[in-house]
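Here are a few notes to read alongside the structure. Take them one point at a time and follow along on the screen.

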Amino acid sequence: MTPPFRAPATAPASGPSPRQSKVATPGPEARAALAWLHGARFLTTASRLDQLPVSELPEIAFVGRSNAGKSSAINRLTQQKRLAFASRTPGRTQHINLFDLGPRDAVEARLADLPGYGYAAVERAAKLRWQEVMAQYLELRRALHGVVLLADARLGLTDLDQRLLALVAPRVANGEVRLLVLLTKVDKLNRSEAQKALREAGDALAALGTESADIGVTTFSALSGQGVPDVAEALRSWVPAAPAVDP
Ligand SMILES: Nc1nc2c(ncn2[C@@H]2O[C@H](COP(=O)(O)OP(=O)(O)OP(=O)(O)O)[C@@H](O)[C@H]2O)c(=O)[nH]1
Ligand SMILES: [Mg+2]
C-alpha cells in the first residue's frame, strides 16, 4: 500500500543546493499564494484560550521549540520584517498572536504564532501553564485548520516535538487538521545533511499517516528564502478562497 505521506516539494535532491541562496522564480500559483500571505495583518494577542476570538475562520498555527524560527518564518512568508517578533532571546513570544489573511472585508483565514516550548530558562510554573494552553489549543480549538511545526534542521524532531505531535495526531489522522513540518535554518546545512534531515523527519512522520491525513515535510530557510514559495502554496491550498460575490 502506498503511504499517504506526501513527498516534499522542495527536497534538495531535485532543488537547488541548500547552500545556494538563489531561489527559483515562483510560478503563478506560488506568486498568488505569496501575495495572499503578504497581506497579513495583526489581529490580536492572547495569553489564554478564552481570550481568543470565537471564530470558525480557518487558523494555521505555527508551533515549535523556542528558537526554532517560528517568528522569522512568519515574517519571511508575509514579507513583513516585524509582524511576528523575532529575537535572539529565546522564549520572547509569550502569547498567541493572531494575524488576518485575505481581503479586509472578507477575512479568509488566520495565522497563529504560538509560544515556543523547551526553553530551559523559563520558570517552571510559566512552562507548565503554557504547556496546558498549548495542549488545549491543539486539542480543542475548533478553528484550528492546519499546523506548521518548525524544527531546527540540525536537531530534527525532538522528544518535545513528538509530544506536541501526539496531542494533535488524532485530528491530523482524521483529516480535520493538516500538518506541514518545516526543517528550518537549512542554510546552515550542506546538501547531504539536508537530505538526511528530510529522510529522518519523513520516517518519524510516516507513523501519523492515514488515508485522510494531509502531512508534508520540507526544508526551509527564513534567511535564504529556500522553501518560501512552496510553503506559501501549501498554506494557500489549505484554505478555500472566498467565493466571488455576484455583481
Ligand atoms: N541562519 C538562520 N537563522 C535563523 C533562521 N530563522 C531564524 N533564525 C534565527 O534563530 C533565532 C530564533 O528565531 P525566532 O524566529 O525568534 O524563533 P522562534 O521560534 O519564534 O522563538 P520563540 O519566539 O522563542 O519561540 C533568531 O536569532 C533568528 O535570527 C534561518 O532560516 N536561518
Ligand atoms: Mg517567536
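1. Start with the overall count: the protein has six helices and seven strands. Keep in mind that this is a predicted model. If you walk along the sequence, the elements come up in the pattern α-β-β-α-β-β-α-β-α-β-α-β-α.

2. Now the sheet. It's an open one with seven strands, in the order β1-β3-β4-β2-β5-β6-β7, and the pairing is mixed. At the edges sit β1 (41-46) and β7 (215-219), each pairing on one side only. On average, neighbouring strands here are turned by 20° against each other, ignoring direction.

3. Have a look at one of the pairs. Strands of a sheet pair through backbone hydrogen bonds, parallel or antiparallel. In the case of β1 and β3 (residues 96-101), the sense is antiparallel, and the pair runs over five bridges. You can find Arg41 opposite Asp100 of β3.

4. Which helix is largely enclosed by the rest of the structure? That's α2 (residues 70-78): nine of its nine residues are buried, so the rest of the structure largely encloses it. Among them are Lys70, Asn75 and Arg76, along with Ala73, Ile74 and Leu77.

5. What do the buried residues of α2 pack against? Their partners are the helices α1 (28-38) and α6 (228-238), plus the strands β2 (59-64), β4 (109-113), β5 (144-152) and β6 (178-184). Just past the helix, Gln79 has a positive phi of about 55°.

6. Of the contacts with a separation of 6 or more, 75% involve residues 24 or more positions apart.

Key:
Residues are numbered from 1 along each chain as its sequence is written. Chains are lettered from A and ligands numbered from 1 in the order in which they are written. This is a predicted model: local features need pLDDT of at least 70, side-chain atom pairs count only at pLDDT 80 or more; totals for chains, interfaces and linings use all residues. A residue is buried if 20 or more other C-beta atoms lie within 10 Å of its own, exposed if 12 or fewer, and partly exposed in between; C-beta atoms are placed from the backbone. Helices (H or I, at least four residues) and strands (E, at least two) are DSSP runs, numbered from the N terminus. Two residues are in contact if their C-beta atoms, placed from the backbone, lie within 7 Å. Two strands pair if DSSP finds at least two bridges between them. Axes are lines fitted to C-alpha atoms, for helices over the stretch in contact, and angles run from 0 to 180 degrees between N-to-C directions.
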